[in-house]
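Morning, everyone. Please have a look at the model on the screen. I'll keep this short.

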Amino acid sequence: MGLFERYLTLWVGLCIVVGTGLGHFLPDAFASLGRMEVAKVNLPVAALIWLMIIPMLLKVDFGAMREVGKHWRGIGVTLFVNWAVKPFSMALLGWFFLRYVFADWLPPDQVDSYMAGLILLAAAPCTAMVFVWSNLCRGDANFTLSQVALNDAIMVVAFAPLVALLLGLSSITVPWDTLALSVGLYILVPVAVAVLLRRWLLASGGQARLDAVLARLGPVSLVALLATLVLLFGFQGRQIIEQPLIIAILAVPILIQVYFNSGLAYLLNRKLGVAHCVAGPSALIGASNFFELAVATAVALFGVQSGAALATVVGVLIEVPVMLSVVRIVNRSQPWYERRLRAS
């Protein structure tokens with residue numbers, strides 16, 4: 001495990017603190033960065049997202065979808081949680097907590113925007129960080145690759161309609177043109193670039209050249225991730241410092257849905273007799289969110305200072321520590337998990 005993975009929580013925490021502080025003390029500078037957009041798409045965020053996810057997508061062998069049959073039970077559980085449970089459970093939790101439980105503590109004109117951010121956060125399964133989580137729980141690499149490849153393929157066609165459906169149910173007007181542009185920029189184009197570049201590298205130099213390029217691009221992806229966190233928290237720095245209660249409220253449904261969905265996937269895999277090395281990454285993929293896409297889409301749809309952007313940034317705030325806690329639960333519960341497998 002590299003230095004980044006070993007101290008992941010520390011690096012992310014530092015970026016959150018630095019970004020929040022810079023955003024609070026230098027609001028004009030971040031406001032200028034926020035105005036750098038084309039068709040409501042923030043250009044600095046878009047550039048950093050590309051630099052971050054394209055190197056990670058290069059690791060994905062979309063031909064690994066051939067492995068789907070081998071791990072069909074784990075694949076089925078994760079797909080069920082990712083696409084049939086997680087987005088709808090988040091919409092339900094958001095509706096319950098934001099419109100009822102905490103309604104008196106939230107600005108009424110921002111509730112719809114907060115709801116949109118939560119929905120965007122849950123509507124796309126994680127792509128990039130999944131490889132880190134899978135590695136930390138000693139997951140089956142072929143399963144992780146095939147699951148990510150399949151999720152990415154589904155996301156290309158399902159993300160926009162699913163978000164539109166859930167936003168519509170929440171009585172939020174869907175800007176279809178901006179949503180379609182965001183899907184193209186943050187899913188279609190990066191996937192296409194990664195697939196073509198991967199094929200070219202393998203054709204020109206084989207696996208050795210691909211591995212060498214991935215090793216060189218690793219620091220680029222890392223720097224882009226950290227810079228993205230600084231930028232996103234800089235955009236929301238003043239709100240984070242001035243509205244800690246809202247941050248805590250938004251964290252409640254996010255925390256519940258992460259633990260609920262990871263637990264559901266883990267228990268379903270155990271019930272079906274799936275090996276622990278598959279159940280672990282299945283639970284983590286089932287619970288984690290593609291926060292890069294969620295934040296970018298929220299910025300494109302509603303603006304960098306919107307409640308939607310703030311809600312997705314809260315997702316980033318708690319994603320890493322919460323997912324690391326899920327990793328620990330999965331690892332420590334392995335003897336309990338495997339008792340059922342031995343009994344059957």
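Predicted model: local features only at pLDDT ≥ 70, side-chain atom pairs only at ≥ 80, totals over all residues.

First, the helix pair. Helix 5 covers residues 72-101, and helix 11 covers residues 244-271. Their axes sit 9 Å apart. The packing angle is about 155°. So how do the two helices run relative to each other, roughly parallel or roughly antiparallel? Angles over 145 degrees count as roughly antiparallel. Helix 5 and helix 11 are therefore roughly antiparallel. The crossing of helix 5 with helix 11 is right-handed. What kinds of residues make up this contact? There are 18 nonpolar residues, six polar ones and two charged ones.

Next, Gln-147. Find it in helix 8, which spans residues 141-169. Is Gln-147 buried or exposed? Its relative accessibility is 0%. Buried means under 20%, so Gln-147 counts as buried. Who are its contacts? Setting aside neighbours within four places in sequence, Gln-147 touches Gly-74, Ile-75, Thr-78, Leu-79 and Ile-285.

Last, Arg-138. Where is it? Arg-138 sits in the loop between helix 7, residues 130-136, and helix 8. Check its backbone too. Arg-138 has a positive phi, about 55°, yet it is not a glycine. Now accessibility. Arg-138 comes out at 52%. The cut-off for exposed is over 50%, so Arg-138 counts as exposed.

To recap: Gln-147 is buried, while Arg-138 is exposed. That's it from me.

Definitions and conventions: Residues numbered from 1 in each chain as written. Heavy atoms only, no water. Helix = DSSP H or I, 4+ residues; strand = E, 2+ residues; numbered from the N terminus. Buried < 20%, exposed > 50% of the residue type's maximum accessible area, 1.4 Å probe, protein only. Contact = heavy atoms within 4.5 Å. Axes fitted to C-alpha atoms, helices over the stretch in contact; angles between N-to-C directions. Parallel < 35°, antiparallel > 145°, perpendicular 65-115°, else oblique. Left-handed = near helix turned anticlockwise from the far one by under 90°. Nonpolar A, V, L, I, M, F, W, Y, C, P; charged D, E, K, R; others polar.
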